[in-house]
Amino acid sequence: MSKQINVALIGNPNTGKTSVFNALTGLNQKVGNYPGITVEKKEGICKLPRGLKAHIIDLPGTYSLNASSLDENVVIELLLNKNDKDFPDVAVVVSDVENLKRNLLLFTQIKDLEIPSLLVINMADRMKYKGISLDIDYLEKQLKTKIALVSTRKKQGIDNLKQLIINYKDLSTECCLNASEIDVDYFNKLRKAFPNQLLYKLWLVITQDVNFGKTTRQEIEAINGFKTKSEGDLKRLQQKETIKRYQFINNVLKKGQDIDVSQAKDLRYRLDRILTHKVWGYVIFMFILLTIFQAIYDWSSVPMDFIDSAFASLSEWIKNSLPGGALTNLIAEGIIPGLGGIVIFIPQIAFLFLFIAILEESGYMSRVVFLMDRIMRRFGLSGKSVVPLISGTACAIPAIMATRNIENWKERLITILVTPFTTCSARLPVYLIIISLVIPEGRILGLSYQALTLMLLYLIGFTAAIVSAYILDKILKIKSKTFFVVEMPNYKLPLLKNVALTVVEKTKSFIFGAGKIILAISIVLWFLASYGPGKEFNNAEEIMTKEYASQDLTEDEFQQKIGSYKLEHSFIGITGRAIEPAIRPLGYDWKIGIALISSFAAREVFVGTLATIYSVGNDDEDTIKNRMAGEVNPILGGPLFNFASGVSLLLFYAFAMQCMGTLAVVKRETNSWKWPILQLVVMTGFAYVVALIAYQLLK
Amino acid sequence: MQLTIAHLKRGEKAIIVDVSSVHIPLKLLEMGCLPGNDVMLVQVAPFADPMYLNINGSHLAIRKETALHILIEKIG
């Protein structure tokens, strides 16, 4: 038998489902998207004994099969569509030993779909600590399944789980309870109308009004004149169904589970007394944020300096060792400086993703949601908006997708609209290089001025986000029912493997995503900067010889004059100087203008662009930073990147909407072009005005 | 006066007696907020909103406006 076994991992959020996935697949996993939607699809291959393989999908976490979000829909759509190539041969339901009661609700629903299912009880290492004991035989009998006790932390039970997956054909497909008892007449009619269909499947189609495979609610209503019930009646029936399932679960657990409360130690309550405290909770939160920013700055400076000089030497080395010509120049002056401009930020971006992963994994993020909800609501947001706003510091695109668990549409829309103001990691390269050029070194209270400036920029981004949320809350007239439920998971020491995999995965996709754009743009820029129309460009040497004939220039100085004259009359120079009048009042020259324009593809392109422009025609081995520091303002003299123009640039990048990826995802999530266009116009317009005012005041 | 979860003080326990199905989303019911289950108030944010509860062994936070629609009877 060479067929792969299709396995779907299903479970409530916070049950360690992803840890089980990581334990089964290790590095054999990939993350993509479900076609047409931006829900993350995680799949991997697990090697089983006897040369078998399992294809494992880690489905989005869900509390039940009654979907209330796009992510949860993915779960039902797969489970109801037998023709899907990923349709599971076996459903592995992951539960947490401490929340077994609630986790079993989903399990009973999946059993009703008559898919072979097995139950993983995870975090088994905590049973003793919590005084829990389980009668596995009894539970297996009652739930009509096989149970794997697993501890991903202690690496226990995984082999047993693999064995159970191999023997999936022995699993029972019988339901564990008869949910149709909630309205016998109604379900009998349904059965009569559709004798060949699974009752529970029909019920899901009716209650959720979504399109599963081929059967729709309209069809059910059309066939045999079958009448469905009113919304209110359906909701009451769903409530009855839930109560019925819990009755069954309570009965099973009464015999199958014993919790000795006197044995239970509860770290949660002790920690929460401080971490969610009215005063200390907020103080600790601020302290954590401050530590993160300081760490990002301090820890990454050494690897960054190393990368910077390594790329400068590489470029120099290629120039010297390859035969001269256009191709060598393209590599040495276009591609390498462009790539160097992004590789240099790997350390910082990795640290940022590391901290966010730790906050999420440890369970602390939910406490922040709890602490911030009341405050955020004043600005038309939800406590859950904090998660997108914080993960927006990595990248706005996943952050906007993370708004999906905000139940209220108005709060969600506002969160989507304001999230791009938070300082994403693509702004970081721009900030860091400009800060290092225009903000003096030195320390106050152990914090460097440069780190404080960075912190200030993060605060500016956050303030812009909540102030605009407040304004939007007043302007937007959307009525939607509010409700807010957030689970407060147990505190957990983050698993090294989970954190490491997240950091590697996110950093990789950031670098490769940005890398492609940067590579393309560097090549285009290099061509535009190396060639030009008309006689000025082509006869640069003669023109310069004439102009400087009377002056006594060294050969080097003379070559430099030619180089900059050529650049000015290249395609890029002509374009740049055409837009220069618009950005001159902000303190920028045309080279910065080009970098600004290319930044609309993605912000981090800024540094790479400048690096490419500055290295064309420049033979010295030098770092990007030194080249920028050496630029002279063509009109006023003095360094081009001074305090005034630096601050103006920082503010422009803080507010402007310069990311095509974000605009695309906003379009997808709001299903309208109206909102991304609004973001583009309003944010960029505001950025221009603020940068203008800043430069005019400071110059 | 009918007591609701919003009337609980920190550390107090109660039994849920009724849940208004119009105001309470299905998701909350599925997390265990059903008549007959016990509830304890673990922690409150400033202005007693949101409220951090232990319902039926599940730890979750809800807003006060939702808590007002979950009727309870205090124990002891």
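Of the 699 residues in chain A, 56% are buried, meaning under 20% relative accessible area, with over 50% called exposed and anything in between partly exposed (1.4 Å probe, protein chains only). This is a predicted model, where local features need pLDDT of at least 70, side-chain atom pairs count only at pLDDT 80 or more, and totals for chains, interfaces and linings use all residues. Residues are numbered from 1 along each chain as its sequence is written, chains are lettered from A and ligands numbered from 1 in the order in which they are written, and side-chain values use heavy atoms, leaving out hydrogens and water.

**Chain A overall**
- Chain A has 31 helices and twelve strands; these are DSSP runs numbered from the N terminus, H or I of at least four residues for helices and E of at least two for strands.
- Along the principal axes, its C-alpha atoms fill a box of roughly 105 × 60 × 60 Å.
- Take the contacts in chain A between residues at least 6 apart in sequence: 73% join residues at least 24 apart, where contact means heavy atoms within 4.5 Å.

**Helix α1(A)**
- Helix α1 of chain A (residues 17-25) is mostly covered, with seven of its nine residues buried.
- Among those buried residues are Lys17(A), Val20(A), Phe21(A) and Leu24(A).

- Six strands make an open, antiparallel sheet in the order β12(A)-β4(B)-β3(B)-β2(B)-β1(B)-β5(B); two strands pair if DSSP finds at least two bridges between them.
- β12 (485-487) of chain A and β5 (70-74) of chain B are the edge strands with a single partner each, so one side of each has no neighbour in the sheet.
- Three bridges link β12(A) to the antiparallel strand β4 of chain B (residues 58-62), and Val485(A) sits opposite Ile62(B) in β4(B).
- Helix α11 of chain A (residues 267-275) lies across β2 (38-44), β3 (51-55) and β4 of chain B, at about 35° to β2(B).

**Helices α26(A) and α29(A)**
- The axes of α26 (residues 590-598) and α29 (residues 643-655), both in chain A, come within 13 Å and cross at roughly 15°; axes are lines fitted to C-alpha atoms, for helices over the stretch in contact, and angles run from 0 to 180 degrees between N-to-C directions.
- Ile592(A), Ala595(A) and Leu596(A) in α26(A) meet Leu649(A), Phe652(A) and Tyr653(A) in α29(A).
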